[in-house]
Amino acid sequence: MTLDIEKIRKDFPILERETRPGVRVTYLDSTATSQKPVQVIEAMNDYYRRSNANIHRGVHTLAEEATSMYESAREKIAKFINASSSREVIYTRNTTESINLIAYSWGRANLKTGDLVILTEMEHHSNLVPWHMLQAERGIELEFIPVTEDGLLDLETYKTLLDRRPKLVSFTHMSNVLGTINPAAEIIRMGHEVGAVVLVDGAQSVPHLKVDMQTLDADFYAFSAHKMCGPTGIGALYGKTVLLESMPPFLGGGDMIKEVKLRSFRPNTLPHKFEAGTPAIAEAVGFGAAVDYLSTVGMERIAAHEHEVTEYALDRLEEIPGVKLFGPSADKKGGVAAFTLEGVHPHDVAQILDQDGIAVRAGHHCAQPLHEKFGIPATSRASFYLYNTKEEVDLLVSGIYKVKEMFG
Amino acid sequence: MDDLYREVIIEHYKNPSYRGKLDPHDISFADNNPLCGDHIQIDLRVDSGGIVTEAMFDGHGCAISQASADLLMESIIGKPLEEVKKLNKDSVLELLGIDLGPVRLKCALLSLKVLKAGVYGLGEASDSLVE
């Protein structure tokens, strides 16, 4: 069941990179974006070297090949999340665009003044701002499931909010700061009981956990390729067929139409109805290769490896005087360790660690309201993926001791 | 270790000489660095001849932003406002005695942006003030 970590690290050429002479990179920032294995890089290269053409409607060999690569990647992605059909997988630019698509298309068709949307206090800005924008336009109401001191969602309060009959519940499956893995199936079931539609931000969960649309029963599920070993510039929106079919199109243009007259159009069928214009074809191919890669390694194995590294990291970080960790214990979270170091600003922590090649992120990680809740402007965040090791955690820990010494 | 964290920077960060508020004051302005949430407020007292007689900064941020604010306050006391208006990026880098990449430059220049927006009586501390 364990990962062959040496073999996996060899798949990621960037991990050999020296960020300064003699200092190899220790990449602990996969929550922001993951590194890419050669399998993905080569699939994209190969597409451009051998098969590049615009998709659909072309009858020449290259166009047919490009179309089939683009569509077979969609099938791989659908299978990876166990969607009932690849028609339920819409390509977008990223999770943010997926959520905006829902707010724009489903939201404008279904929400009116006074309708309630439930979000949570641990959301990324991408699952806050689209709803702020819709609130300004439509006068919808927003309520938030509170986050407890130990970084969990307060489901008792959620229960009382549900009495107000929300139209939509939208929440993150896994927090990008606290690492909290929320009980998604339960939150979805509770929302459905009062007739709400439920959207899940899966940007952090799909790369790290086995997610299954059939058991989760989410109405919409959004995620990005670049956080799961794939390229930037492409993401996906899963939606139940009946909902996607009832929604008006998002962007208008080529490919999303069945027929266009001078004064009217008929939209295309799923999934093309939501994909206007020439899409990110090479990126879709890379997305498919990433899904193949993760499936070959095995999501259960990846999750188990990350858990082991994270548990070790939390234990070691906790021992450092002045370090304060945020979020729940290792059994309730994914591979994220957000922390503050007494007397030292997170930017300084990140900058000094960088001298030793250690890449961590510092700031509010696009979750400003969550930081406000904990009364801090920023945190440093180390995050772990399938290629990270306990030895790298040790480097992080000695790096933090170095910071302490400098600011001593 | 790089000289990014020269002793003088750590020293001004840990033991600033000009941290606090002035009440009353002639000029006061505050703004944030939206990228990292750093916040700086600057209060000045100016005499009838337009000379800065006292200067204080308050707020929170990284060592680079706080040290540059402290050094900046030290450097403008006794100077005419007309001269303060002429300060730019290079003046701050000279005070710090280091060179900075684009990300950390924003930290270093926050206090100068706030200072100049206050002196010019502007509503916002924009990047164009320090270029």
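Mentor: One definition to begin with: two residues are in contact if their C-beta atoms, placed from the backbone, lie within 7 Å. Also keep in mind that this is a predicted model.

Trainee: OK. For chain A, what share of the contacts with a separation of 6 or more comes from residues 24 or more positions apart?
Mentor: 70% of them.

Trainee: How many helices and strands does chain A have?
Mentor: Chain A has 14 helices and 17 strands.

Trainee: And what box do its C-alpha atoms fill?
Mentor: Along the principal axes, the box for chain A is roughly 70 × 55 × 35 Å. The radius of gyration of chain A is 22 Å, which agrees with the value near 22 Å for a compact globule of 408 residues.

Trainee: How much of chain A is buried?
Mentor: Buried residues make up 49% of its 408 residues.

Trainee: Let's pick one residue. Ala73(A): buried or exposed?
Mentor: Ala73(A) counts as buried, because it has 28 C-beta neighbours inside 10 Å. The cut-off for buried is 20 or more. Ala73(A) sits in helix 3 of chain A, residues 61-80.

Trainee: What is Ala73(A) in contact with, leaving aside neighbours within four places in sequence?
Mentor: Ala284(A), Val285(A), Phe287(A) and Gly288(A).

Trainee: And where is His226(A) relative to Ala73(A)?
Mentor: The two are 153 residues apart along the chain, and their C-alpha atoms are separated by 15 Å.

Trainee: Switch to chain B. At what angle do helix 2 and helix 5 of chain B pack?
Mentor: About 35 degrees, with their axes 8 Å apart. The crossing of helix 2 and helix 5 of chain B is right-handed. Among the residues in that contact are Ile64(B) and Leu72(B) of helix 2 of chain B, and Arg104(B) and Leu115(B) of helix 5 of chain B. The classes come to eight nonpolar, three polar and one charged.

Trainee: How many residues of chain B are in contact with chain A?
Mentor: 14 residues of chain B, against twelve of chain A. The chain B side divides into nine nonpolar, three polar and two charged.

Trainee: Last stop: helix 7 of chain A. Which of its residues are buried?
Mentor: Ala184(A), Ile187(A), Ile188(A) and Gly191(A). Seen down the axis of helix 7 of chain A, they fall within an arc of 95 degrees, so they line one face.

Trainee: Why would residues spaced like that line up?
Mentor: An α-helix has 3.6 residues a turn, so residues three or four places apart point the same way.

Trainee: What covers the buried residues of helix 7 of chain A?
Mentor: The cover includes strand 7, strand 8 and helix 8 of chain A. The face turned away from the buried side of helix 7 carries the exposed Glu186(A) and Glu193(A). Just after helix 7, Gly195(A) takes a positive phi of about 85 degrees.

Terms used. Residues are numbered from 1 along each chain as its sequence is written. Chains are lettered from A and ligands numbered from 1 in the order in which they are written. This is a predicted model: local features need pLDDT of at least 70, side-chain atom pairs count only at pLDDT 80 or more; totals for chains, interfaces and linings use all residues. A residue is buried if 20 or more other C-beta atoms lie within 10 Å of its own, exposed if 12 or fewer, and partly exposed in between; C-beta atoms are placed from the backbone. Helices (H or I, at least four residues) and strands (E, at least two) are DSSP runs, numbered from the N terminus. The arc is that of the directions from the helix axis to the C-beta atoms. Axes are lines fitted to C-alpha atoms, for helices over the stretch in contact, and angles run from 0 to 180 degrees between N-to-C directions. A crossing is left-handed if the near helix is turned anticlockwise from the far one by less than a right angle, and right-handed if clockwise. Ala, Val, Leu, Ile, Met, Phe, Trp, Tyr, Cys and Pro count as nonpolar, Asp, Glu, Lys and Arg as charged, and the others, Gly among them, as polar. The radius of gyration is taken over C-alpha atoms; the globule rule is 2.2 Å times the number of residues to the power 0.38.
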